Amino acid sequence: MKFEIQDKFFQIILKQLEQNKLSHAYLIELNDFTDVDQFLNLFVKLLLCPNRKLSNQCSDCKICKLVDINHYPDVKIIDADGSFIKKEQLIEVKESFLNQSLYGNKQIYIIKDASKLNLSSGNTMLKFLEEPADNIIAILLAKNRYNVLETILSRCQLYSLEDDRKNVFNSDLYDLIKTLFVKNRAFLNYNQILAIMPNKIEAKNKLSQISKYFFFVINKEESLLSELGELSEEKICQLVLVIEKYINRFEYNLNYKLALDSLIVEINEVI
Ligand SMILES: [Zn+2]
């Protein structure tokens, strides 16, 4: 089961490699996924190995051998130093990458827990993400995407290592989608919306479910529930951005109904 989850992700990466469309930064939401070291090992080898094998069959290449014993010089792991990742740790890695890659290959840094970026290291990270270097790839891991600074999240390609369909497709979700979306329109019945999202906490909860569902649809190439009409992948991505923005905003916005109003407007603008 676990292998299935990561294999789907690796297939996407392989496609991106073939089309030369790799992202500069990946945020992997782990959820309950536990084989993190093995996942990273395979991911890194897929990015670096000239043989590009989906499984870890490559045994004759020098790069894979070095990655296997954690001695590949252009892969750096950043772990929290105490409670947080310090900005100096990031700068140190970045500076070590200024020297050309020994193997003329990609340089990769891995942030093992992106929720441990605080405001200071988060700002440094943001600068790296805003001015990406051609051959440098950032891999950020987090148990839950909501614990990662929103500014960082929005600049990474997000992938959730959660495949438990039951977690995404529960009966709640069907009701939710049915109530909120009617082909090509969304959130029409204000009273119904207030009934299912009477307050910020419920709104965050429900919107998270919807966002998770949209991610699932995009990442796993699922077909959309018919209530949603025919939304292009681009529109789904825009919807996710809007929804994620409001999940965050509900945290701070004092006037819930006002925020809900503008959420409805923004969602319908996308659709
Ligand atoms: Zn190899």
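What distance separates the centres of domain 1 and domain 2, taken over C-alpha atoms?

1. The centres of domain 1 and domain 2, computed over C-alpha atoms, are 30 Å apart. Domain 1 spans 2–160 and domain 2 spans 165–270, with bounds from an automatic or database domain assignment. Four residues from domain 1 and four residues from domain 2 form the contact (C-beta atoms, placed from the backbone, within 7 Å).

2. This is a predicted model, in which local features need pLDDT of at least 70 and side-chain atom pairs count only at pLDDT 80 or more, while totals for chains, interfaces and linings use all residues. Residue numbers start from 1 along each chain as its sequence is written.

3. Five strands form an open sheet in the order β2-β3-β4-β1-β5, with parallel pairing (strands are DSSP runs of E, at least two residues, and helices runs of H or I, at least four, numbered from the N terminus; a pair needs at least two DSSP bridges). The edges are β2 (75–78) and β5 (157–160), each with a single partner strand, so one side of each has no neighbour in the sheet.

4. Strand β1 (residues 25–29) runs parallel to β5 and is joined to it by four bridges. Y26 has Q157 of β5 as its bridge partner.

5. Helices α10 (residues 200–219) and α11 (residues 233–252) pack at about 155 degrees, with axes 9 Å apart (axes are lines fitted to C-alpha atoms over the stretch in contact; angles run from 0 to 180 degrees between N-to-C directions). That angle makes α10 roughly antiparallel to α11 (over 145 degrees).

Definitions and conventions: Angles under 35 degrees count as roughly parallel, over 145 as roughly antiparallel, 65 to 115 as roughly perpendicular and the rest as oblique. Two residues are in contact if their C-beta atoms, placed from the backbone, lie within 7 Å.
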